[in-house]
Amino acid sequence: MRTSEPKIGFVSLGCPKNLVDSERILTQLRAEGYGLSPSYQGADLVVVNTCGFIDAAVTESLDAIGEALADNGRVIVTGCLGVREDEIRAAHPDVLAVTGPHDYEAVMRAVHAHLPAPHDPFTSLIPPQGIKLTPRHYAYLKISEGCNHRCSFCIIPSMRGDLVSRPIGEVLSEAERLVEAGVRELLVVSQDTSAYGVDLKYRTDIVGGRPLATRLSTLAKELGRLPAWTRLHYVYPYPHVDDLLPLMAEGLILPYLDMPLQHGSERILRAMKRPAATEKVLERISHWRTICPELVLRSTFIVGFPGETEDDFDQLLAFIQEAQLDRVGCFAYSPVAGAAANALPDAVPEALKQDRLQRFMEVQAEISRDKLALQVGREMVVLIDEVQPGRIVARGPGDAPEVDGLVIIDGDWEDVGPGDFIEVQVTGYDDHDLFAEPV
Ligand code: SF4
């Protein structure tokens with residue numbers, strides 16, 4: 001069992017452009033669950049983002065690499081000096097990898113190769129496929145670390161501690177720089193997004209001369225002013241989530257909520273020690289839909305939690321039938337070393353877990369298909385992920401990257417590329433994806 005997250009030391013040298021690259025790498029590292037170490041000694045690996053603009057910068061970069069090697073020993077070099085790999089390796093043959101400027105994908109590949117990211121399907125903030133790295137036009141924006149809850153299947157709080165929110169000014173300036181660097185969709189993540197700012201008592205920051213509270217609705221409103229989509233993940237149904245719905249109805253943030261509900265039986269939810277009262281969730285969902293009818297809800301559930309009876313499972317099926325969620329992921333429970341749930345009695349046999357998983361997915365597949373069918377004829381703006389021969393692969397407001405469906409637009413396209421928004425009309429659907437044509 002891992003007792004703490006893998007930690008990276010980071011040195012950023014050179015110009016503001018290099019700093020943008022550093023932030024992009026740091027954003028990705030944070031989202032993938034890496035910790036950052038302020039010292040070389042406390043890090044499992046050090047990334048040095050170098051500058052090679054003038055001789056003095058080359059010397060400074062080589063010195064920084066040497067220092068990191070002496071104090072830590074495991075060093076990945078990136079940035080402008082990276083194009084002169086021979087020179088770096090001549091001075092420092094022991095560096096683990098050298099990558100070039102503005103190539104954060106290559107840096108992340110090197111980090112994964114030498115220090116794999118932790119991945120727990122119940123609590124990871126980005127999907128396992130997400131580790132293949134986000135294209136440049138979307139980015140995960142992590143707004144806090146840690147968690148104040150103690151869900152019995154989870155070891156995040158023991159690994160990362162209680163909630164520590166990043167002040168709103170810091171988050172907004174990271175978001176602004178990401179958008180300046182070409183990001184068109186910000187995926188807000190944290191272990192408990194609804195709790196953002198609680199630890200700071202919603203402290204006010206002065207941002208661009210304006211007082212702004214470190215609070216989710218304020219953050220959402222401010223992110224909504226940027227020329228990029230804002231999509232919220234890991235939002236628990238606390239009462240103040242109601243404040244987000246008008247922002248969605250106004251088009252400031254995407255009408256999308258990723259809300260891990262985990263179960264539909266009160267008894268199991270209590271055993272899981274889940275946050276937020278759930279008895280009113282169905283009522284809340286239907287209220288949200290009256291404010292913002294386009295709302296797309298994604299959730300994840302766990303079947304086969306210790307003690308789950310057939311009656312609990314039936315309650316879960318009844319819950320998803322009534323909730324009519326658009327996108328749903330489901331896992332068969334598996335114990336995580338160190339989690340309190342391991343001590344719970346009445347483990348569900350593996351075969352029964354798999355059987356329930358399958359039954360769950362069958363019920364949900366039909367709901368998801370019906371929800372997609374309702375989209376036919378609708379006009380929407382989509383964000384292009386890829387232009388392939390003969391078709392465009394895009395996503396609509398209801399499709400988070402990696403986990404949800406796609407919008408496919410047939411035809412040969414010029415003058416558009418990844419990160420462009422286009423308007424389409426939905427013409428059809430299959431089990432996961434929508435098909436559309438340009439308006
Ligand atoms: S809310 Fe629960 S599952 Fe999520 S990080 Fe906190 S303790 Fe873990």
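Colleague: Is V47 buried or exposed, and what is its relative accessible area?

Modeller: This is a predicted model, in which local features need pLDDT of at least 70 and side-chain atom pairs count only at pLDDT 80 or more, while totals for chains, interfaces and linings use all residues. Residues are numbered from 1 along each chain as its sequence is written, and side-chain values use heavy atoms, with hydrogens and water left out. A residue is called buried under 20% relative accessible area, exposed over 50%, and partly exposed in between, using a 1.4 Å probe and protein chains only. V47 is therefore buried, as its relative accessible area is 0%.

Colleague: Where does V47 sit, and which residues does V47 touch?

Modeller: V47 belongs to strand β3, residues 45-50, where strands (E, at least two residues) and helices (H or I, at least four) are DSSP runs numbered from the N terminus. Contact means heavy atoms within 4.5 Å. When residues up to four places away in sequence are not counted, V47 touches I8, G9, F10, V11, I76, T78, V107 and V111.

Colleague: How far apart in space are V47 and V98?

Modeller: Along the sequence, V47 and V98 are 51 residues apart. From C-alpha to C-alpha, however, the separation of V47 and V98 in space is 9.9 Å.

Colleague: Is E379 buried, partly exposed or exposed, and which residues are in contact with E379?

Modeller: E379 lies in strand β16, residues 379-388, and with a relative accessible area of 46% E379 is therefore partly exposed. Leaving aside neighbours within four places in sequence, the residues in contact with E379 are E423, V424, Q425 and V439.

Colleague: What separates the C-alpha atoms of E379 and Q321?

Modeller: E379 and Q321 are 58 residues apart along the chain. Between the C-alpha atoms of E379 and Q321, the separation is 27 Å.

Colleague: What is phi of Y234, and where is Y234 found?

Modeller: Phi of Y234 is near 55 degrees, which is a positive value in a residue other than glycine. Y234 has 15% relative accessibility, so Y234 counts as buried. Its place is the loop between β12 (229-232) and α8 (244-249).

Colleague: Which loop holds Q324, and what is its phi?

Modeller: Q324 is found in the loop between α11 (310-323) and β15 (327-332), and Q324 is partly exposed at a relative accessible area of 29%. This residue other than glycine has a positive phi, near 50 degrees.

Colleague: How many disulfides does a search of the whole structure find?

Modeller: A disulfide is a pair of cysteine sulfur atoms within 2.5 Å. C154 is buried at a relative accessible area of 16%, and C292 also counts as buried, at 0% relative accessibility. The number of disulfides found in the whole structure is 0.

Colleague: At what angle do the axes of α10 and α11 cross, and how is their arrangement described?

Modeller: Axes are lines fitted to C-alpha atoms, for helices over the stretch in contact, and angles between N-to-C directions run from 0 to 180 degrees. The axes of α10 (residues 281-291) and α11 come within 10 Å, and their crossing angle is roughly 15 degrees. Angles under 35 degrees count as roughly parallel, over 145 as roughly antiparallel, 65 to 115 as roughly perpendicular and the rest as oblique. So α10 and α11 are roughly parallel.

Colleague: Which residues make the contact of α10 with α11, and how do they divide by class?

Modeller: V281, L282, I285 and R289 of α10 make the contact with F319, E322 and A323 of α11. Ala, Val, Leu, Ile, Met, Phe, Trp, Tyr, Cys and Pro count as nonpolar, Asp, Glu, Lys and Arg as charged, and the others, Gly among them, as polar. The contact of α10 with α11 has 5 nonpolar, no polar and 2 charged residues.

Colleague: What is the distance between the axes of α11 and α12, and which hand is the crossing?

Modeller: Helix α11 packs against α12 (residues 350-373) at an angle of about 15 degrees, with the axes 10 Å apart. A crossing is left-handed if the near helix is turned anticlockwise from the far one by less than a right angle, and right-handed if clockwise. The crossing of α11 and α12 is right-handed.
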